[in-house]
Amino acid sequence: MKRLNLMVTVLATVAVLVACGSAEPAATTAAPTTTAAPTTTAAPTTTAAPTTTAAPTTTGAEAEGMTVQISASELGDILVDGDGRTLYLFNPDAQGDPTCYDSCADNWPALEGAAVAGDGVDDALLGTATRTDGTVQATYNGWPLYYFAGDPAAGDTNGQGLNDVWWVVDASGNAIGA
């Protein structure tokens, strides 16, 4: 199982390097979905189990009020969402408008919507930025916040330092390790 997790992490990292390091878009494949079995009049209706993704995907309405908090990690105290998923900043954003779109955003989904300060977070540093598609992205200390698709579980920090542009965020809103 550890070998499978390592292979998934390596493949995700390669995909990120390709997506964020070249002008050509990365190829993606859709996750398999399941469909509900046909129902009969004698049996109750059943529905299919939902599909899952490596990083959370939300709409602005769902993310409205998403808690952002500080959590202890091997890198120090870092910014995470209410579910413990690591949040990152992207150096090219330069504490301004989001710049990660298309294949980059496939690997680095935005934390969409406004955020609410949780444990250890300075509410005055929370804000939002408007993306080119009109959606709102949460910011901290002016940095748009992102997830990494290669972090399958809460507390994972597999995106730390990738391409020397992706960094976890400390309680002051600064990159750790940059």
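The dialogue below reads the main features of a predicted model.

Q: How do strands of a sheet pair?

A: They pair through backbone hydrogen bonds, in either the parallel or the antiparallel sense. One case here is an open sheet of three strands in the order β2-β1-β4, with mixed pairing. Strands β2 and β4 stand at its edges with a single partner strand each, so one side of each has no neighbour in the sheet. From one strand to the next, the twist averages 40°.

Q: Which pair in this sheet is antiparallel, and how many bridges join it?

A: That pair is β1 and β2 (residues 76–81), which run antiparallel and are joined by six bridges. A hairpin of two residues leads from β1 to β2. S73 stands opposite G76 in β2, and I70 stands opposite L79 in that strand.

Q: In which sense do β1 and β4 pair, parallel or antiparallel?

A: Strand β1 (residues 66–73) and strand β4 (residues 115–117) pair in the parallel sense, over three bridges. One of the positions to look at is T67, whose bridge partner in β4 is V116.

Q: What is the strand order in the sheet that holds β5, β6 and β7?

A: These three strands form an open sheet in the order β5-β6-β7, and the pairing is antiparallel. The edge strands are β5 (126–130) and β7 (143–144), each of which pairs on one side only. Between β5 and β6 (residues 136–140) there are five bridges. T130 has V136 in β6 as its bridge partner.

Q: Where do the side chains of a regular strand point?

A: In a regular strand they alternate between the two faces of the sheet.

Q: Which residues have the most contacts inside the largest nonpolar core?

A: The general idea is that in soluble globular proteins nonpolar side chains tend to be buried together. In this model the largest nonpolar core has 17 residues, and those with the most contacts inside it are V68, L79, L87, L111, V121, Y140 and L145. The elements that give two or more residues to this core are β1 and β6. Its largest share, three residues, comes from β1.

Q: What does V68 touch, leaving out residues up to four places away in sequence?

A: V68 touches L79, V80, D81, L87, L111, A115, V116, A117, G118, V121 and L126. Apart from the core described above lies another one, of 14 residues, among them Y146, F148, V165 and W166.

Q: How many disulfides are there, by the sulfur distance rule?

A: The count comes to one disulfide. It joins C100 to C104, with an S to S distance of 2.1 Å. The torsion about the S-S bond is about -110°, so this disulfide is left-handed.

Q: Is C100 buried or exposed?

A: C100 is buried, because its relative accessibility is 0% and the cut-off for buried is under 20%.

Q: What is the phi of N141, and where is N141 found?

A: The phi of N141 is positive and near 55°, and N141 is not a glycine. N141 lies in the loop between β6 and β7. It is partly exposed, with a relative accessible area of 23%.

Q: How much of the chain is buried?

A: Buried residues make up 35% of the 178 residues. The accessible surface of the chain comes to about 9800 Å², and 55% of that belongs to carbon and sulfur atoms.

Q: What share of the contacts joins residues at least 24 apart in sequence?

A: Among contacts between residues at least 6 apart in sequence, 65% join residues at least 24 apart.

Methods: Residues are numbered from 1 along each chain as its sequence is written. This is a predicted model: local features need pLDDT of at least 70, side-chain atom pairs count only at pLDDT 80 or more; totals for chains, interfaces and linings use all residues. Side-chain values use heavy atoms; hydrogens and water are left out. Two strands pair if DSSP finds at least two bridges between them. Helices (H or I, at least four residues) and strands (E, at least two) are DSSP runs, numbered from the N terminus. A disulfide is a pair of cysteine sulfur atoms within 2.5 Å. Buried means under 20% relative accessible area, exposed over 50%, partly exposed in between (1.4 Å probe, protein chains only). Contact means heavy atoms within 4.5 Å. Accessible areas come from the Shrake-Rupley method with a 1.4 Å probe; for residues, only the protein chains shown count as cover. A nonpolar core is a set of buried Ala, Val, Leu, Ile, Met, Phe, Trp, Tyr and Cys residues joined through side-chain atoms within 4.5 Å. Axes are lines fitted to C-alpha atoms, for helices over the stretch in contact, and angles run from 0 to 180 degrees between N-to-C directions.
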